[in-house]
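Please look through the sequence and the model shown here before reading on.

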Amino acid sequence: MEQALLASRTNDAIKICNNSSQPKFFGFLRPEETAAVKAVAEKQTLKYSFFGGYNEAERVFFGVFPEWCDEGENLFPITALSFTFRKSDKLTHREFLGSFMSLGIARETVGDILIEEGRAVAFFTKEVAAYVKGEIRKISNVGVDITEGFSGALPQMGGFADITDTVASARLDCVVASLAGVSRSTATELIEQKLVTVNSVCCEKAVALVRKGDKITVRSKGKFMIESIDEKTKKGRLKISAKKYI
């Protein structure tokens, strides 16, 4: 979505919320779109938040709330659908998305699609979720059973791999290089190409500082949570401890 259109939609949502005293939402937004919407919202005094159905979501909804209303995640018009299938059948993100798009629905009505052996969880706008549940019987010729919601850990979110390293500084480019196992110059390119999000928001500044508790996603490289990044070594480097979602 173009920057001007995003800014217009954001301002319209804020205006509607103020005039109606009711929450207003739109999405699903890609990380770079989230950053653009946030830039507009930050210039005004209002209650707003982003949510994509779970805390580490990449594609999220923007919600703006009147003063009387709490920013509850349950207010967002998002529904999760769980798809179960035989573990011997290997299904991909592309095959799920292709099946959804074949129904004629818009891409922005579909959020993250998380897949593991025998199970997938996808997030939709509420209206589209009901349509998908009623129409989909197969994903790429593989039979699936569909239920609303999900239980237990999400696919790709069920465990962690520990990462320990040292970095020259807490700058985002240094940290991404360490987490993703790439050079600092490559990390800078990933950031400039809008392929890195911090706490679900696209960050284009290589000099941005990373802090304890930050959740960082590097597209095609993985999702990470920073546990600590403050203790210095004798050589003046920072010790970093993180977990990679697996």
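## Basis of the description

The model is predicted, with local features needing pLDDT of at least 70 and side-chain atom pairs counting only at pLDDT 80 or more, while totals for chains, interfaces and linings use all residues. Residues are numbered from 1 along each chain as its sequence is written, and side-chain values use heavy atoms, with hydrogens and water left out.

## The sheet

An open sheet is formed by 3 strands in the order β1-β3-β2, with antiparallel pairing. Its edge strands, β1 and β2, each pair on one side only. On average, neighbouring strands of this sheet are turned by 15 degrees against each other, direction ignored. Helices (H or I, at least four residues) and strands (E, at least two) are DSSP runs, numbered from the N terminus. Two strands pair if DSSP finds at least two bridges between them.

Strand β1 (residues 24-29) is joined to β3 over 4 bridges in the antiparallel sense. Phe26 has Phe62 in β3 as its bridge partner, and Leu29 stands opposite Val60 in β3. Between β2 and β3 there are 5 bridges, also antiparallel; Tyr48 has Val64 in β3 as its bridge partner.

Strand β3 (residues 60-65) is largely enclosed by the rest of the structure, because 6 of its 6 residues are buried. Buried means under 20% relative accessible area, exposed over 50%, and partly exposed in between (1.4 Å probe, protein chains only). Val60, Phe62 and Val64 point one way from β3, whereas Phe61, Gly63 and Phe65 point the other way; all are buried.

Leu29 stands opposite Val60 in β3. Helix α1 (residues 3-20) packs on the sheet, where it touches β1 and β3, and its direction makes about 155 degrees with that of β1. Helix α2 (residues 31-41) also packs on the sheet, touching β1, β2 and β3, at about 150 degrees to the direction of β1. Axes are lines fitted to C-alpha atoms, for helices over the stretch in contact, and angles run from 0 to 180 degrees between N-to-C directions. Contact means heavy atoms within 4.5 Å.

## Ser241

Ser241 is found in strand β15 (residues 238-245). With a relative accessible area of 18%, Ser241 is buried. Apart from its neighbours within four places in sequence, Ser241 is in contact with Ile163, Thr164, Met225, Ile226, Glu227 and Ser228.

## The largest pocket

The largest pocket has a volume of about 440 Å³. On a 1 Å grid over the protein atoms alone, a pocket is an open set of points where a 1.4 Å probe fits, with protein on both sides within 12 Å along at least five of seven lines; lining residues have an atom within 4 Å of a point. Grid points are joined across faces, edges and corners, and a volume is the space filled by probe spheres set on the points.

Its lining has 19 residues, of which Glu58, Ile113, Leu114, Gln156 and Lys223 lie nearest the centre. At least two lining residues come from each of β5 (110-116), β13 (215-218) and β14 (222-232), and β5 gives the largest share, 5 residues. The lining divides into 6 nonpolar, 6 polar and 7 charged residues. Ala, Val, Leu, Ile, Met, Phe, Trp, Tyr, Cys and Pro count as nonpolar, Asp, Glu, Lys and Arg as charged, and the others, Gly among them, as polar.

## The second largest pocket

The second largest pocket holds about 230 Å³ of space. Of its 16 lining residues, Phe50, Phe51, Asn55, Asn199 and Ser200 lie nearest the centre. Strand β2 (residues 47-51) gives the most to this lining, with 3 residues.
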